[in-house]
Amino acid sequence: MTYAALALSLGASQAAALSCLRPDPVAAFKTVAEADQTFFIVNGQFAFDTAGIPDPFKGPPQEVAVDATFRGKLLTSEGFTEDVQAPVTINLDCAGPWCARMSPNTDYMAFVLRTDTGLIFNVDPCYSFAFPNPKADAIKAVEQCAAGGECEVKKEDG
C-alpha cells in the first residue's frame, strides 16, 4: 500500500466515528422485555479462552464467536437469586473498525439471547447489553424492573 493510500484510509476511518449512547441497563431491560425473542438477564462471569480473539491493533477488524461458560446468577422476579452455570456463545460484533471486546473472569450483567441451538450473548461495540463490573445501583434498578416496580431510564444531566 502506498503512503497516499494509507493516509486516505486512515483519514476515512477517523472521520467516520462511532457514536454510542451511554449504555443503560434499564433501557436494555425494557428493550428485551419488549422483544419477540427470549432473553436471560444474568450477573456473573464468562470463562473463555482469549487465544481465538483477534488483536484489535493487528490486522483488519473482525467479528468473532467465542465458546464460553457462564457462572453466576439469573435474574428472577425476586432479583439475581438463581444460581446458573451454562455454555454460552459470545458474539463479539463490529461496526466498521470498532469491535466489541470482553475480558474473561470479569463480572458482567449480561442480556443473553435464548435460541433453539443454545444461549448467545451478542456484544456490540457500544456494549448495549453488556455491563462490565456493574454497580450496585444498576443491579438494583434492573431487579426493581423484574419485580414489576419502577423501571424508568435515568435522564442524562446537561
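**View 1. C145 and C151 form a disulfide in this predicted model.** The sulfur atoms of C145 and C151 lie 2.0 Å apart. The torsion about the S-S bond is 95°, and the link is right-handed. C145 is buried, at a relative accessible area of 7%. C151 is buried as well, at 13%.

**View 2. A disulfide joins C94 and C99.** Here the sulfur atoms are 1.9 Å apart. The S-S torsion of C94 and C99 is about 100°, so this disulfide is right-handed. Both cysteines, C94 and C99, are buried.

**View 3. C20 and C126 are bonded through their sulfur atoms as a disulfide.** The S-S distance is 1.8 Å. This link is left-handed, with -70° about the S-S bond. The pair connects distant parts of the chain, 106 residues apart. C20 sits in the loop between α1 (3-15) and α2 (25-33). C126 sits in the loop between β7 (118-123) and β8 (130-132). C20 is partly exposed, with a relative accessible area of 34%. C126, at 18%, is buried, because the cut-off for buried is under 20% relative accessible area.

**View 4. The structure holds 3 disulfides.** Count the bonded cysteines in sequence order, and the pairing reads 1-4, 2-3, 5-6. The links shown are C20 with C126, C94 with C99, and C145 with C151.

How values were computed:
Residues are numbered from 1 along each chain as its sequence is written. This is a predicted model: local features need pLDDT of at least 70, side-chain atom pairs count only at pLDDT 80 or more; totals for chains, interfaces and linings use all residues. Side-chain values use heavy atoms; hydrogens and water are left out. A disulfide is a pair of cysteine sulfur atoms within 2.5 Å. Helices (H or I, at least four residues) and strands (E, at least two) are DSSP runs, numbered from the N terminus. Buried means under 20% relative accessible area, exposed over 50%, partly exposed in between (1.4 Å probe, protein chains only).
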